[in-house]
Amino acid sequence: MKVIIKGDSIPAHIAAAHNAVERHKEIYGVSHLYHEEIYDVKYRGKRYQIEVTTNKASYIANVLAGHRKLSKVHYGSAA
């Protein structure tokens, strides 16, 4: 399956995203479609949060560094 990394071009963020995708593959494999999982990855002394989603043909990793758009925040059962 294809690995897509969104959000950053900094080499440390890309390496952390690859580590998160590998952990996601170990835990879920190709199942767990369209559910987002957030992983805390420690890389070279710094911690990064990576959001990994599995689609039918790819793993998508978003580096959560900085602000997120409010449209991407889920509030659960908000009225």
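Glu-22 is partly exposed, at 41% relative accessible area; partly exposed covers the range between buried (under 20% relative accessible area) and exposed (over 50%), taken with a 1.4 Å probe and protein chains only. Please keep in mind that this is a predicted model, where local features need pLDDT of at least 70, side-chain atom pairs count only at pLDDT 80 or more, and totals for chains, interfaces and linings use all residues. Residues are numbered from 1 along each chain as its sequence is written, and side-chain values use heavy atoms, leaving out hydrogens and water.

**The Glu-22 and Lys-25 pair**

- Glu-22 joins Lys-25 in a salt bridge, with 3.6 Å between the closest N and O atoms; the term asks for a side-chain nitrogen of Lys or Arg within 4 Å of a carboxyl oxygen of Asp or Glu.
- These two residues sit three residues apart in helix 1 (residues 11–28), so about one helical turn separates them.
- Helices here are DSSP runs of H or I with at least four residues, strands are runs of E with at least two, and both are numbered from the N terminus.
- Lys-25 is also partly exposed, with a relative accessibility of 31%.

**The Asp-40 and Arg-47 pair**

- The structure has two salt bridges, and one of them links the side chains of Asp-40 and Arg-47 at 3.7 Å, N to O.
- Side chains of opposite charge can pair when their charged atoms come close.
- Asp-40 is partly exposed at 38% relative accessibility, whereas Arg-47 is exposed at 62%.
- Arg-47 belongs to strand 3.
- Setting aside residues up to four places away in sequence, Arg-47 touches Asp-40, Val-41 and Lys-42, where contact means heavy atoms within 4.5 Å.
- From C-alpha to C-alpha, Arg-47 lies 10.0 Å from His-13, although 34 residues separate them in sequence.

**A buried loop residue**

- Asn-55 is found in the loop between strand 3 (46–54) and strand 4 (58–63).
- Asn-55 is buried, at 18% relative accessible area.
- Beyond its neighbours within four places in sequence, Asn-55 contacts Met-1, Leu-33, Tyr-34 and Ile-60.

**The chain as a whole**

- One helix and four strands make up the elements of the chain, in the order β-α-β-β-β from the N terminus.
- Among the 79 residues of the chain, 27% are buried.
- Of the contacts in the chain with a separation of 6 or more, 44% come from residues 24 or more positions apart.
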